[in-house]
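Here is a short briefing on selected strands and side chains. Please look over the model before reading on.

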Amino acid sequence: MGATEILLTWGPPQGVRGLMSYEVEWKKKTESEWTKALTKDHRYLLKDLPADTDFDIKVSAYERARKPPPPTPPEEEKEEQEEEKSQYPQDIHVNERSQDELEVTWHPPKAFQNSNLNYLVNCYKVDEQKIHTKIHEVIADTTKCVLDHLEKEVTYKISIWSMQASTQKKKGLPSQTKYMIKEKVGVISNLAEEPQKLRAVSTSYDSITLYWPLPLEGRQTHYYAKYREKSSTDPFKRTYLLLNETEENQVHILNFLNSNTEYVIKIFAEKLKILNEVTVKTLPKHQPRELRAKRVTPFEIELEWEPPNISLRKVYTYTISYHSKNSPVSTVQTRRDVYVLKELVPDVVYTIWVAAEKEGLKGDPTDPIECHTPRCGPQNLQVDALERQIRVYWDEAIVPAETESLNYRVCLQNDNNRAIEGEVLPTPEAKYDYACYFRNLWTDTNYTLVMTTIIDEGDWDPPTELHIKTRRDGLVDGFVQPTKIKAFLGANDIKITWQPPLHTKRGTMMYRIEWREKAKPAAETNKADTKGHTYVIKKLMPNTEYDVRLLAYVPGSLPTEEKKKSEVAKDLAHEPFQKIPEGSKIAQAGTDLAIMKARIEEMDKIIKSMPKQMETVEEEVVFIIVNDLFKKSKPLPILKKTLANLLKLFERDMIVKDDLIVKIHNGGKDDIIQELQKITSRKDFISYSMFMCFIATHGNLEGFNTSDEYTVSYQDLFGLVSRKHWKDFSDKPKIFFIDTCRTRMDKRGLYPKSLQIEELSTHELSVKWMPPEFFEHFELNYLVNLYEIDGNKMWIKKREIVSQEPSCYLNDLNAMTTYKISVWPVLAKTQKKKGWPNHTKYIIRDVEERKEIQMVAASTHSVTISWWLDDDVQDQRFTAKCRKKAGGDEISEELEIVHGNQQTHMIDYLSSNTAYLIGIYIGSMVYLPEVEIKTRAKLQPQNLKFESVQSFEIVVSWEPPLQQFHGISHYLVEYRSKFIIDFVEVSAKPLSHKYECKLTEMEPDMVYKVRVFAEKDKAKGDPTDFIQCRTPKVGPVDLEIKTDTTSISIFWNDAILQNSKSTIAYRLSLHYDGLKITNGSVVESKKKDPAHKYSCRFSDLWTGTQYKLTILTVSDDRVWDPPIIMDVKTKKDRNRTSLEPRDSNFCIVYSDSLTGTSKGTDGWFINSVIKNIRNRYLQHNLEDIVGFILEDIPRRQKKKLRDPIVISSVKSSIAI
């Protein structure tokens, strides 16, 4: 605007590409007559206007007349073409914005002019074989978009689809075009023989200076620079370059950049890129220098650095940030340039960086460095390896200062050996603090030394592993010495027996026997090799002395020899014993005591008539669980004997080379489950012939107890060996021998577990617990009693609460008072107590009130705070700093101090319904910490809620604002989903005295967020908080599920579909842990008006077992919606125990013979089984015993009997 003229400029209407004319109208504000003018340009100058006068001005646009269209085709053909053409986007135009960017514009389809449309733009790269590769997919809400990062001399195909904005569904037909960006020649010629280049130099932390050549001849109209951060994906920013008309070398400065950041810079002449592309980094702002780790220990890292180059007058505050992998960032502050990070974790990689700050001015952080804290294992480790022994020396490990106990565990491992544990000897007066010796080792053998540091009875650090090899002994050439060698002399033979060498497993060694006559040392030495531990030398001369030597070696370790005359020991030739009749399955057997006695007598007769079998070739998995030590009961000394007998049986007497034997002694619940998972993860697991499990511990018919005071039910144990990981093992026998001791520990499954108290304030407690293991949680409520205990230890009941959930709140309590809290399980239907109670005591301690900022009053735009002023700082200057919690500019106001300690202050010009953080400072020091204060909401509707949520519509309701709601013109309901954001305008007049809105065209199984605005005098108020709901899947309606002990019944009505004429069908299936159990048969009711139209029943299921039910809705031969998947559990049959197996190839034999006193039978069951196996069967599999007991399997399978064998020591004194 000038004194007597006004210059108007404008752009063309959005989305219009035709030729336009413009009409400019203006008048004085005090007059009613308009003056008009026409123009084709986008600017107009109003001249000769009176000075100091107000004018009203408006500009209108209209389309110019076009040339007459070409002759039209016949009428019918013309109508078809017009109808088809009106359904796709019109007039696609492609313009080059730069050498790698295209701008695409178009007109909307004529058939959908009044629709709310978006556009799906696909860009394909077309190669020489005409293969289309999609490189861009853009959703545009206007009729133009930009495609970037394109290549020159490449053909691109651009396709544009119309879409409904609310549903994102395609409408009409697509419009397509092809385009190729041609290579263009730059306008700058070389000024010299060497090519001219763009140079960029950063002279400060927020600017970059550009130096670039530009010949005087052939200059373009406009030159501009494009730049952006190298790590960013945002579009390039553009700035026009001001040229020096008389100089060839140009200079330009880019300002307002981020410090310590790399920028990519390009120079363009119009749309053509010229010169080279450069990458330059701005200078850092107040960045510390030369960060390094001066000292690194397992628990500490000492850091040091240099201050920034540009130092301020006062001292910097340094913020040190550090974190390890997958952990949050921790920060500490210091004013020195040296700091020690403490309380770190050994053997962890830490990433560390430092930033400087001064009076709110934050500098750039240093580049991060990585430091790896060492392990806290033994120090100065020294190992000496000799021919038959290894000596280990070390000094004390570095441990935390609060450590109470420190021990070491040292063991030696070898592929053919058991682990050898060494004795740790303290040597305070020697060169090293500790020593450990391993003797009687193999010569020239590789070992692995494993050292573990144990701090406060826990493995502190990953163990230190070291590979060692003993020296070679020339006197023994690959042999080692067996143990316990005995010789029995006969008239013409010598029988030799022996045991394996030290630290070796039975069955892993071969043995060589050599003999010759003592009087003939030059005679040929006879040799024989065997795998057993007995050999008979036959056909000897009577009354003659012989030299006999016995050596052991690992199979395949001896060098090849020429074939000499030798005798090879032969194993006893017996026909293989058939353990299981072919085609049959081992099922669980059950019988009474008389039948058991008869079976045992018959078994003994058959065993005695059988030849003894020395070795079996089938491999098996043996899993041993023995727990003899518990916190709440006496130890069971007999279990130590049981464990020793089992190990002797399977590791000495019945050893097979590839048997897998896993033992858990005093293990917890997680240990047992983890070991079972390790077994199934073995690659050779399928090759084993059967799974055998011994359990000797506390327990009962429902489950057994672990050493960490948990109960493992037998159903859970059997479920672990029935899952999909055991799918290939399903036809092989699984045998369980369970011997338990009934103790008071079994009550643990009857009372609530893990009772926890959390203090919410000085007068309120939160109580939480876990449901009892032996009861279904949905059958229980909980009776919570609160007692106050006085000085005379008298209990006074203060509260009695019935809670439906395993948690409750206790309020109105007194500080420094002892309370006892008791939790009883009660039946939900009858409120009768069930099981046992759990109780604890708690005292609420006094908490000193903190002097903090308090909010006195708040409005929509201001807050008034009150704070306490100490006498010793009354002469200081105080500042209140206020900032938005979500981020933003900081407001700083100096506080006016009045007489007295209690001070008040009002902070104004704030945003409504916004949370602020307010703190009080003395200079830069914090006097009172920040507190969160929120301003009041303006015109905010109240009590927003969902009235109904259906698959295709949602009804929401709300109440008007509490204040100033008169004059509200309308409400806006905003709803969002994963794909859309839309608004619905609702009239301010309520219908039936209720404000509500119905949202239609919703998608099934979609999460929607809804909030409401109120609008008054064209000003929008604060929105409500979002409320969220998920529309139901299009599945069965009125779904009802009934469960019994062995069956599940499902009832439902037809699903709601958008098209009521669609055909509909249902598919139901039942799964257990990933394995499909069965498909259900859907039955339609024949009644006239049934409560449920369809039903499905699954029968012959396992009792007390959780299944996954899957329901598919099929409409018009396609699955309409994601399936409904829910967990359904059959009821527990109290007449059945948890010993009921899952498959027919289970065999479970149970006894409760264990006792902790000397008067009992001392675990007769498993120990008798072991004795019977060792004495009568030698190396037969345990499956042989089971085979004789289970001769009544066919009878039981026909009657579908699944009762377990139960052997009670109280009724019988016999031994199996």
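Is Leu117 buried or exposed? Leu117 counts as buried, at 8% relative accessibility. Buried means under 20% relative accessible area, exposed over 50%, and partly exposed in between (1.4 Å probe, protein chains only). This is a predicted model: local features need pLDDT of at least 70, side-chain atom pairs count only at pLDDT 80 or more, and totals for chains, interfaces and linings use all residues. Residues are numbered from 1 along each chain as its sequence is written, and side-chain values use heavy atoms, with hydrogens and water left out.

**Leu117**
- Leu117 sits in strand β8 (residues 117–126); strands (E, at least two residues) are DSSP runs, numbered from the N terminus.
- Its contacts (heavy atoms within 4.5 Å) include Pro109, Phe112, Asp141 and Lys171, not counting residues up to four places away in sequence.
- Ser166 lies 49 residues from Leu117 along the chain, yet their C-alpha atoms are separated by 8.4 Å.

**His136**
- His136 belongs to strand β9 (residues 132–140).
- His136 is buried, with a relative accessible area of 18%.
- The His136 side chain reaches the backbone oxygen of Asp148 at 3.0 Å.
- Among the residues that His136 touches are Val121, Cys123 and Leu150, not counting residues up to four places away in sequence.

**Strands β65 and β68**
- Strand β65 (residues 954–959) pairs with β68 in the antiparallel sense over 5 bridges; pairing requires at least two DSSP bridges between two strands.
- Trp958 stands opposite Tyr995 in β68.
- Side chains alternate along β68 (residues 995–999). Tyr995, Cys997 and Leu999 point to one face and are buried.

Definitions and conventions:
Helices (H or I, at least four residues) and strands (E, at least two) are DSSP runs, numbered from the N terminus. A polar contact is a pair of N or O atoms within 3.5 Å; within protein, one must be able to donate a hydrogen and the other to accept it, and residues adjacent in sequence count only if both atoms are side-chain atoms.
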